[in-house]
Amino acid sequence: MLATAGAIGLFQSIPIVSHAACLQGDTSPSCIGVYKLPMDDAVRSYVESPEQLAKYAPDLKWVPPVTYPTNPRLAWEELKQLYKGNNNDAQNNDDTEEEALLDNLRSLITSGDLSGAGVKILTVVPRITVAGRVVIRALNDATVNNGDTQNEISTPSSTSFGDLSLKAYRMEVAHAELLADLGQMDIMLGQAIKGQMGAITFAQIQILDILKDVEKDFSDMMKAIPVDFKF
């Protein structure tokens, strides 16, 4: 009941102006730097279809809800590809090469393509959100189930369950910090595009400084997973 009331209150608090807010997964350039509705169950029921969204927030553009990876292994692979890209992946059978997220953002920002960098963040934040949640849940499940062989994940023999619990916590913290810093980059890019940060060079320096924090957060999150953890 409280969750429902809170969700309704959230929609009522959105200013009725064009692009005052966007749904997660909307990669329109106009969404750069604006408020994104949270991805949680309380909100999902109000935005899962165009008809539902029209009832509660008719000024918002509907996009399909962000889908979760179907299992922890796919979630982990998605995070690894975002972190490292697939340029040097010998096992990758796809002919296309995808640059690592951090390198791609750095290249876009330094070249002055702030809109391109903003759209990239709009694209990857929902994916990092759902993939990270699935992996964190897998780590927590492995801890709780204490290596139950009936589960689709197994715990490495070299990792104690106490260590695994701590690593799950560390990943959860790094995941939250990564999303927060990407959100800060999104806001700053929106401000820079509107000319609210002064000269473009100054804006680039400020945004690249936040990118350093993003890089540390992403690294911390990936290091939290034991190298021999089996999904």
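Predicted model: local features only at pLDDT ≥ 70, side-chain atom pairs only at ≥ 80, totals over all residues.
## Nonpolar cores

In soluble globular proteins, nonpolar side chains tend to be buried together. Here the largest nonpolar core has 49 residues. Within this core, Ile128 and Met171 have the most contacts. Five helices each supply at least two of its residues: α4 (72-84), α5 (101-110), α6 (114-145), α7 (161-193) and α8 (200-223). The largest share, 13 residues, comes from α6.

Leaving aside neighbours within four places in sequence, Met171 is in contact with Leu79, Gly132, Val135, Ile136, Leu139, Met221, Ala224 and Ile225. Another core, of 10 residues, lies apart from the largest one. Its members include Leu37, Val43, Tyr46 and Leu53.

## Helices α5 and α8

Two packed helices are described by the angle between their axes and the distance between the axes. For α5 and α8 the angle is about 180°, and the axes are 10 Å apart. Angles over 145 degrees count as roughly antiparallel, so α5 is roughly antiparallel to α8.

On the α5 side, the residues that meet α8 are Leu101, Leu102, Leu105, Arg106, Ile109 and Thr110. On the α8 side they are Gln204, Ile207, Leu208, Leu211, Val214, Glu215 and Phe218. Sorted by class, this contact has 9 nonpolar, 2 polar and 2 charged residues.

## The disulfide

A search of the whole structure finds 1 disulfide. It is formed by Cys22 and Cys31, with their sulfur atoms 2.1 Å apart. The torsion about the S-S bond is about -90°, so this disulfide is left-handed.

Buried means under 20% relative accessible area. Cys22 has a value of 4% and is therefore buried. Cys31, at 0%, is also buried.

Note on methods: Residues numbered from 1 in each chain as written. Heavy atoms only, no water. Core = buried A, V, L, I, M, F, W, Y, C linked by side-chain atoms within 4.5 Å. Buried < 20%, exposed > 50% of the residue type's maximum accessible area, 1.4 Å probe, protein only. Helix = DSSP H or I, 4+ residues; strand = E, 2+ residues; numbered from the N terminus. Contact = heavy atoms within 4.5 Å. Axes fitted to C-alpha atoms, helices over the stretch in contact; angles between N-to-C directions. Parallel < 35°, antiparallel > 145°, perpendicular 65-115°, else oblique. Nonpolar A, V, L, I, M, F, W, Y, C, P; charged D, E, K, R; others polar. Disulfide = S-S within 2.5 Å.
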